[in-house]
Amino acid sequence: MSTVSTSASPLGAIGGATETSRAARPRSRRAARIKLVVGGVIVATYVVLALLAPWLTSHDPTDQDILNALQAPSATHPLGTDEAGRDELARLLYAARIDLPIAFLVTVLPCLLGTALGVVCGYLGGWFDALVMRVSDLLQAFPTYILMIVLVFSLGHGVRSLLIAFTVVGWVVYARLVRAEVLRIREAGYITAARTAGFGTPRIIARHVLPNTLRQTLIYLTSDLVFAVTALAAFSFLGFGIQQPTPEWGAMTAAAQPYMTTNMSLTVLPGLVITVLALGFALLGDGLQDRKGNR
Amino acid sequence: MSGRFAFVLRRLLSLLPLLLGILLLAMLLLSLAPGDPARQVAGPRAPQSEVDEVARELGLDRPVVERYALYVAQVASGDLGTSVKTGQSVGDQVVDQLPVTLAVASLGVLLALLVTVPLAVAAARRPDGPVDHLIRLLAVFGIGLPTFWIAIMGIRFIALPTGWFPVAGTGEGAGDFLRALVLPASVVAISILAPMVRSLRATMMELEEAEFVLAARTLGFRGGSLLRRFQLRNAVPPLITVTAAQAGYALFGTVVVEVAFGLPGLGQGLVVASSTQDFPLVQGYVIVFAVLVVLLYLVADVLNAAVDPRVRITA
């Protein structure tokens, strides 16, 4: 198992260490800056649009109007209406208030859990480390998504299940990442110095070990957001995630699929919105990775 | 030869505890589910005595350890259980649906490999050149494309206007079946492509600076023969590893693609089974998917050992 399972993260080689060995080049440093700026602008735009949603549209995203279903764009409905006569623009905007925070949560929760376990495993070692690593082996042997589908199935639909499913699956990569960093740092001179100075283990971990693992974790976290955004939507598309009528991009796409010949934009727009947001996170992650490679 | 055989055997044996763990996890996870499975089978209006009877039949009244042992014995004898909704054997259903899923996933991985190699080689030829930047940009873009959306766009903008491919289902006969696979497999390929290109590109660039490549160059190897005989050959093991990881991911892509294209595969079966709350069916699918991934990693390890003797010695 050893050679494959460690890289079996959802994103495969993203943020992998393989790309860091290149020497610094002025051009790629500039490219990294462009990526960071473009990615940052995209993500910031989404956040602003999500925050301002109630002021950007006067429609309620869940208000049904069956008589005006599947309308073409008009003055009252700038992007038309969906299969239940709900305003498409309002749904796209309000969906950002669902997808963005949940995507953020399903990335940060596994990161926190994984980091905590990784630090303890790496710093203390012993039976606890062995146990956690065996559990993570087992989890990685499972196909990530199937495990998540089963968890959502077992726990019932809804946000809580999604959070649990993403956390149960997602902590592994962070734990391994942080554990490896901690193992590397543990023998560093400044840790020995801190120990010699009489600092206790909790303080050494919090003040000297953790900060040094943060950068690597942050890079992976940013790439992981790409996965979170698309996976969340995919889950809702399959009917496991957020359910209609709550506005959510994946569920909107699934609901509009029967009408794709007559009302093409209802399937095109939500996917486009997801793609651009994911691209924003991907550019941020890539830019961070490039910049790190150049240090 | 015997070394190779021993390696495969050792790997196979090391899978046993993993398979036992998978069965345990599948059983424990599904026991988390709300509601009483026996009540589900007996029906909502069945009297309690009947529910108890069903529970006894399903072995639900026994302690967990005993249930686990019975379950392992049952699966080992090739019985994955019976669907509580249709009464059909889970094994039969899986056997019916497996070919579709395997065909879509393996064709997708194959397509992805066919695209990965030329793209990565082209990108690595001149690092930070225009081709490299374009390919890296495409890779970043590819990561963020939602699989279900590419599938639907494929139906809307390729299958519907041209009429070359069925919009849903697999049709009749081998020709229709193959035609029905083209778009789904392409979508799966797109969904797994980016990390493969990035990984192979990075490997090729590292190899560009390797000492043996430098030595080969000094000896007069140039262009194609240098690429084939020294660089690509050494890029194979990491490529196998990333391909295996992405092939595992392709299995989920297949779930989404099967739902979008209405293909009667394992993925669609799993989605339907979980929406109808069919416990034994979901459990069976989980095990089949997990076993597929385990086998996939085994194949990757064996392939790696076949192309790289160092793996056989150290592992």
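Trainee: How many helices and strands make up the secondary structure of chain A?

Mentor: Chain A comes to 10 helices and 0 strands. Helices here are DSSP runs of H or I with at least four residues, strands are runs of E with at least two, and the numbering goes from the N terminus. Before we go on: this is a predicted model, where local features need pLDDT of at least 70 and side-chain atom pairs count only at pLDDT 80 or more, while totals for chains, interfaces and linings use all residues. As for bookkeeping, residues are numbered from 1 along each chain as its sequence is written, chains are lettered from A and ligands numbered from 1 in the order in which they are written, and side-chain values use heavy atoms, with hydrogens and water left out.

Trainee: What share of chain A counts as buried?

Mentor: Of its 295 residues, 56% do. Buried means under 20% relative accessible area, exposed means over 50%, and partly exposed is in between (1.4 Å probe, protein chains only).

Trainee: Why is Val48(A) called partly exposed?

Mentor: Its relative accessibility is 44%. You'll find Val48(A) in helix α2 of chain A, residues 26-56.

Trainee: Which residues make the nonpolar surface patch that has Val48(A) in it?

Mentor: Val47(A), Val48(A), Leu49(A), Leu51(A), Leu52(A), Trp55(A) and Leu56(A), giving about 680 Å². Patch residues need over 30% relative accessible area and no salt bridge; nonpolar side chains (Val, Leu, Ile, Met, Phe, Trp, Tyr) are joined within 5 Å, like charges within 9 Å. The areas come from the Shrake-Rupley method with a 1.4 Å probe, and for residues only the protein chains shown count as cover.

Trainee: What makes Asp82(A) and Arg91(A) a salt bridge?

Mentor: Distance and atom type. A salt bridge needs a side-chain nitrogen of Lys or Arg within 4 Å of a carboxyl oxygen of Asp or Glu. The closest N and O atoms of Asp82(A) and Arg91(A) are 3.2 Å apart, so the pair meets the definition. Asp82(A) is buried at 3% relative accessible area, and Arg91(A) is buried at 0%. Both residues also belong to a salt-bridge network with Glu83(A) and Arg86(A).

Trainee: How many residues apart are Arg184(A) and Glu181(A)?

Mentor: They are 3 residues apart in helix α6 of chain A (residues 159-186), which means about one helical turn separates them. Arg184(A) is exposed, since its relative accessible area is 56%, whereas Glu181(A) counts as buried at 15%.

Trainee: Now chain B. What does the salt bridge of Asp132(B) and Arg201(B) tie together?

Mentor: The closest N and O atoms of Asp132(B) and Arg201(B) are 2.6 Å apart. Asp132(B) lies in helix α6 of chain B (residues 130-144) and Arg201(B) in helix α8 of chain B, so the pair ties together parts that are 69 residues apart in sequence. Both of these residues are buried.

Trainee: Why is Val187(B) called buried?

Mentor: Because its relative accessibility is 4%. Val187(B) sits in helix α8 of chain B, residues 173-208. Contact means heavy atoms within 4.5 Å; leaving aside neighbours within four places in sequence, Val187(B) is in contact with Thr147(B), Ile150(B), Ala151(B), Val257(B) and Phe261(B).

Trainee: Which parts of chain B does UniProt list as "transmembrane region"?

Mentor: The unreviewed entry gives residues 100-122, 134-157, 177-197, 235-261 and 281-300. UniProt positions follow the numbering used here, feature names are shortened, and annotations may be inferred rather than shown by experiment. In the model, residues 177-197 of chain B are 100% helix and 0% strand, with end C-alpha atoms 29 Å apart.

Trainee: How many residues does each chain bring to the contact between them?

Mentor: 65 residues of chain B are in contact with 60 residues of chain A. The two chains bury about 5700 Å² between them, 74% of it on carbon and sulfur atoms. Buried area is the accessible area (1.4 Å probe) that two parts lose on being put together, summed over both.

Trainee: What is the count of salt bridges between the two chains?

Mentor: The count is 1. The side chains of Arg198(B) and Asp286(A) meet at 2.8 Å, N to O.
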